[in-house]
Structure formats: C-alpha cells, structure tokens
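Biologist: Can you walk me through this one? I'd like to start with the strands and then get to the ligand.

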Amino acid sequence: MIHIDQTKQIFHLTDSHFSYVLKVHQGKLLNLYWGAALAHADLDYLVEAIRPGASFELTEQRTPLELPTMGTGWYGMPAVQAQNADGNTLTALTYRSYRLLPHKPDLPGLPHVVDPAAETLQLQLIDSLTGLEVIVSYTVSGGGLTRSLSFSNHGTQPLTLTHMASASATVSAQGLDVIHLRGAHARERQLVRTPVGQGTYAFDSQRGASGHEHNPFVALATPHTTEDSGQVWSMNLIYSGSFLASAQVRETGDTVLSIGLNPAVHQWRLESGAQFDTPEALLVYSSQGFNGMSHIYHHIFREHLCQSPWNHRPRPILINNWEATYFNFTEEKILQIARAAAQLGIELFVLDDGWFGQRDDDHRSLGDWYVNTRKLPHGLKHLAEQIEALGLRFGLWFEPEMISPNSDLYRAHPDWCLHAPGRPRTEGRHQLILDLGRPEVQQFIINMMKETLSSAPISYVKWDMNRNMTEAFSAVLPPERQMETQHRYMLGLYHVLEEITQAFPEVLFESCAGGGGRFDAGMLYYMPQTWTSDNTDAIERLGIQYGTSLVYPPSAMGAHISASPNHQVGRVTTMQMRGDVALSGNFGFELDLSRLSAEDRVTAKAFVNRVKALRTITQGGMFTRLISPFEGSNYAAWQFTYEDQVLLCCFRKLNEPNPVPHRVYLKDLDEHAFYRDEAGHTYSGAALMHAGLPMTFFPQHDFTSYVTVFTQQKG
Ligand code: DGJ
C-alpha cells in the first residue's frame, strides 16, 4: 500500500483504485500525482517538465508543492506558514527524512480515522533557519487517504503558525467543476456544482462550528462526471469547528485543493520545544462518480471513524416532544405522549428542551441543569421510571456548551463565556457561549453530565448547540494566544465528549446544532447520529438528506415524521410520504402522538413495524443515489443494498398532467439474478438496471412516494 523508492525518493501511496505520488526534488516535496491507481510510480519524467515558461517566471510558481509556503516564488495561498520571531513569514521547508510505521498512530485529543493495522508514512520537513519541523502523516485506509500535520519548534525563538492546512494536493486535470454542500439553518447541505476557472474558489466557516452554511467537504470533478462514472477528487475535514476549503486553479491549469483550519480565526503560538497537531483530513478519489466517492466515505465513517458502541447496533425508534409541545409541557402531557408512543411500539422517549431551571422559553436557564419542578414535580428519575414502565427507554436534551445571561450559572461565573474586555457580549437566541478552552468550564460540564446521567435511567442524550461564536476571545489567554481561542474551544469540547461518552458507553448520543449546524466527521467520531435539520418537511428533506448523503451515511442522519401542516414551511403531506422519507434515516416521530387521527395511528403503527423490519437494510446497507431532487427535478430516488435485499425509495414532488412514465434505474444488482418486489413482481437484475422501472406507481396527488423491497431469488 505504501511503496518507497529510496533512490528516486518517490513515495507511492496506493490501494486498488487510487494512487497518490510524492517525490523529493531538490529538497522540496512535490505532489506528482493523485488519481486512478498506477502499477508503478515511475513519474520522474513529470519533474523534467516543471520549469519556468518565461524568463520572468520563477520555478516554484509552477511546482506542485505538497506543502506550499509563501514568499519564495509560489504565489498561491499557502498551506503552511509561520511568522518568525523577527516578524517575517518566510517558511522554507526542506525534506529531511521519512518513517514507515506498521500502524496508524492515534491523534491525541482530536477525532480521527482508527485503523491500527494500516501502515503510516511520516515525512519530516525542516526549516533550518527557524527550527520549525513539520511531520506530514499519511495512511491509506478503507479506500481513502488520511493526512495530518504535526509542527514542532526546535528553534530557540517562538513562532506563530498562521496557516496549517491539514491537506493540500494538486489535481492535474483541466476544466474541472467544484462540488460542495452549502445552505443555511433549515436548508442545510444543498448540493452545489460549479465550474472553476483560473483563480481561487473558497468557502469557509468562521463560526466556531462547522456550520449550517458550508460543510467541511470539497470536491473536484470533470464536467462529465455523473453519480456513477467519471473522476472525483475530494477532501473532508474531521473537525467540528471553523475551517477553510479552497480550489485554486493555477496558471498551469492545475488545481490545488485544500482544507484545514481557517487562517482568518486560527493561529497557534509555538514556543521553543512545543508541538501542535492539526486535525486530520480524509482524501477520497473515485473514478466511479459521486456514488463511488460516497461509498468510500460511508464505509470509512462506519468502519473506521465512529467509536460509539451504538455504531452498528439497530437504532431505537424514538418520539421527541419538541414539535409536539415546545417549552409548554407538564409531566402528565409527557406521559400522555409516551403512552400513545408505547401503543405504537416506539422504543425511546426523548424529552427535549425545557425540563430544567426556569426554562419556559429560550430567554433563560442554560447552565442551570437541575430539574424544573414546576413542570416535573416528581423529578427526572420518577419520570424516566414511569416511561420505562411503559416499555420505552428515556432520553434527554442538553445544550451543555451554552449559558443564558439569565441563569444562576451566569450570575455565579459571568466570566465563563467567550467575551472581550470592553465589548458588548453579543447574544444569539438570548444566549452566550461558554469558553470550553478553560479547564474549569470543561470540568463543570463533565460533572454536570455525569451527575445527571447517573441520577435517572437515561439511555439517550441529544447534545444540542444553538448559536455560533462571537467575541471568540478568552479571559484566560495572554494577548499573543487570543487567536487560539476557537481551536482551544474545540479541543476542550472533544475532551468533554471523550470523557462523557467513555463514562457512559451504553448511552446513545445524538449530535445537534440548531438541526444540522455541526453535521461533520468530528462529531461522528463520538456520536453515531446527528439531527439532520430542524426542517422536518418531507419535500425539503429530500434535498437535505440527498445532499448530506454525498459524504455521510444514512445511519448518521436523524429523520422524523412531524405534523402536517409542517411547522417550518406549512406544507400539507400525507403521513405515508413523511414516513417514507424518514425511514431512510434514523427513524422517529416529532409530533403529539396523543392527538393522531385514527387513520394516522394505523399508518404510524405500520411504519414502526416496517422500520423495525427494514432498519438492518437502512442502517447497515450500501446507500446509492438514483435520481437527484436538485436542479428543478420533480423526482428523487435512492436505494439501499444489503445482502440479498434492495430497498428502493422513490419520490415525486408535484403531480403532473398527462404524465410520462419516467423510469428509475436501479444500480449495483447482479445482472443475472432475479429480484422479486413486495407486490410479487419479478424482474431480472439486468432489466431493473438497464431497462429501468417506469414510475407509474405514484398516486394521483402532489407529494407522493413509493418504497418497496426487492429480494434476490435463490438459484
Ligand atoms: C434546536 C434543535 O434542532 C431542535 O430539535 C430542538 O432541540 C431545539 N433546539 C430546542 O431548543
């Protein structure tokens, strides 16, 4: 998997379908190639072509540097840069040595791909003037390539790291499209595809969370790449905070793709003798289109990233009371919903926001994590036991990273929030954000969580986070370290999550950030599922779930049946449609079950039974996109393949006059096998894939769905 030619100083990282080739040339580390697998990395001839085309050009301008730095002739964005003690930012990195480890080392304090058996290549580069050392680590794992940097200051003077991109690689193909996932609250991860020309296409988060607006994922593809064919080069950052992703099309036509910490909000002071590790990036190349790329991400996230014991367990069907009651509930109301849930066969009751302090609205009490006895006069333990007696598990909502100015915690510790002296403390949703870089704040959260989770039979935690950072400065850091506040926050958060998830391995944790504002691989390391979006409308969810699936597996997505008319967009849909969309994720309900019509009760119960039968397929199967709901499409379709079963999910947004029976073409089937659907019709795999299935099955109204299981016939 890692071949080293010591004479030619070539490093070839490869598996059966991709190659990534590095070469040391005149002391510089070059990224000679990233693409389809090569049998031999005899690419020396490429180096000969790297030369200035005109007398006023510099060689470095045309050199595919693996770690571009600024100031010595490479005029793009730097991947790595340090400000030296004398103020200049020249960083001249020369290759020094390599190490091949028989395992993948841990990345302490940061979420990362875990693959102990995979070899790791470490390349050492040195700036001999300042003593800055950079170790670049590469591991080929699960079809992808991980890459991270470790900086050490071996000089006598302090340095400030101003650029520390986890990954930066050169794609030597012209006329590419950039693909990424953008959006906003309630419309997260919409798929964007746009051609890039010479210049820089960049997007970022400065929010202290990966954010609703952009996901820490970027890809390049050829213009004719489809879901199933063509080349894709992509990067994902295993990190939950601010980031920068960019695609720089250089004067050579090559594109430098890069992802990492965001220089706008992240710097790190490296004292003499100190070390700093970047987050890990995951690079995935596919020659089989976007589905090929997604299959690799889904595989790595499920097999090598998520550390929760719940990762491969069937996820419970839950009822969450948020859209049923918001803040306005009593113990009796909660029990009423729980009784209705028990009758439907639901497995978990989640008590959302409003159970603590004086929390009757979102103006108060974050930080006061003791039970609101006006609403729950008999306490949490009693309520949880009552719910368990009904045959459901009990789960609880927290927003531990936050503090309301109107709270006992704030009155006791007004300096615990992020703030800057003399500046107003900007509120978002009437709340401030705790400084998780401070050890005493981390300990407060750890103690509070441990006490609460030990005080009652709590089987599930919804870990919410409802505002982004402002005034991201810390009361406990010296002036020269203030630009470390955001990253120290993330390290503090990861420490807290590590402690709590380790202490309660049987608790299922679901991440949430105003819906999908922190849907990233960093959180996925600790928590196997994330609340995909606060937008629960079935039609909106087609795009949100489809876009999310580009990188993250459906087993990571929470998806619930909510009320109709929908609370976010007012759309009226059938429970059949809402359920068919929700069953593709971790299924649940988010409405007042005690007030369902008799007809909806029957449908809801049928869904609970169906999901119990299907969740092995939806949570463990291979997910493949068939029809995109984007670019004005009236349809969406996807499938899950698990052993001898294929679950087909098709959706139509609006009814059409005089309809043409569009076809859906299934994928990844055995051409020679036969498949029977639930209505008893049998088709050959070849027919389903190549002739397709006319979508004549939709009822004659708007917002409809069709879901069926095909079972491969024996013999
Ligand atoms: C935002 C979440 O996304 C919702 O599901 C809900 O938990 C609210 N916060 C509660 O304040």
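Predicted model: local features only at pLDDT ≥ 70, side-chain atom pairs only at ≥ 80, totals over all residues.

Biologist: OK, β23. How many of its residues are buried?

Modeller: Five of the six residues in β23 (393–398) are buried, and buried means under 20% relative accessible area, with exposed over 50% and partly exposed in between (1.4 Å probe, protein chains only). Strands here are DSSP runs of E with at least two residues, helices are runs of H or I with at least four, and both are numbered from the N terminus.

Biologist: Which sense does it pair in with β22, parallel or antiparallel?

Modeller: β22 (residues 348–351) and β23 pair in the parallel sense over four bridges; strands pair if DSSP finds at least two bridges between them. Leu351 sits opposite Leu396 of β23.

Biologist: And on to β26?

Modeller: β23 also pairs with β26 (residues 460–463), in the parallel sense over four bridges. Trp397 has Lys462 of β26 as its bridge partner.

Biologist: Ligand now. Which residues are closest?

Modeller: Asp352, Asp353, Lys462, Asp464 and Asp534 are the closest of 13 surrounding residues, where near means a heavy atom within 4 Å.

Biologist: What does Lys462 do there, in distance terms?

Modeller: An N or O atom in the Lys462 side chain is 2.7 Å from an oxygen atom of the ligand. Polar contacts are pairs of N or O atoms within 3.5 Å; within protein, one must be able to donate a hydrogen and the other to accept it, and residues adjacent in sequence count only if both atoms are side-chain atoms. A polar backbone atom of Gly515 is 2.8 Å from a ligand oxygen atom.

Biologist: Back to Asp464. Buried or exposed?

Modeller: Asp464 is buried, at a relative accessible area of 6%. Asp464 lies in the loop between β26 and α8 (485–503).

Biologist: Where is the cis peptide bond?

Modeller: The bond from Ser564 to Pro565 is cis, with omega near 0°. Pro565 is in the loop between β29 (557–562) and α11 (575–582).

Biologist: What about phi at Tyr326?

Modeller: Tyr326 has a positive phi of about 50° although it is not a glycine. Tyr326 is partly exposed, with a relative accessible area of 31%.

Key:
Residues numbered from 1 in each chain as written. Heavy atoms only, no water.
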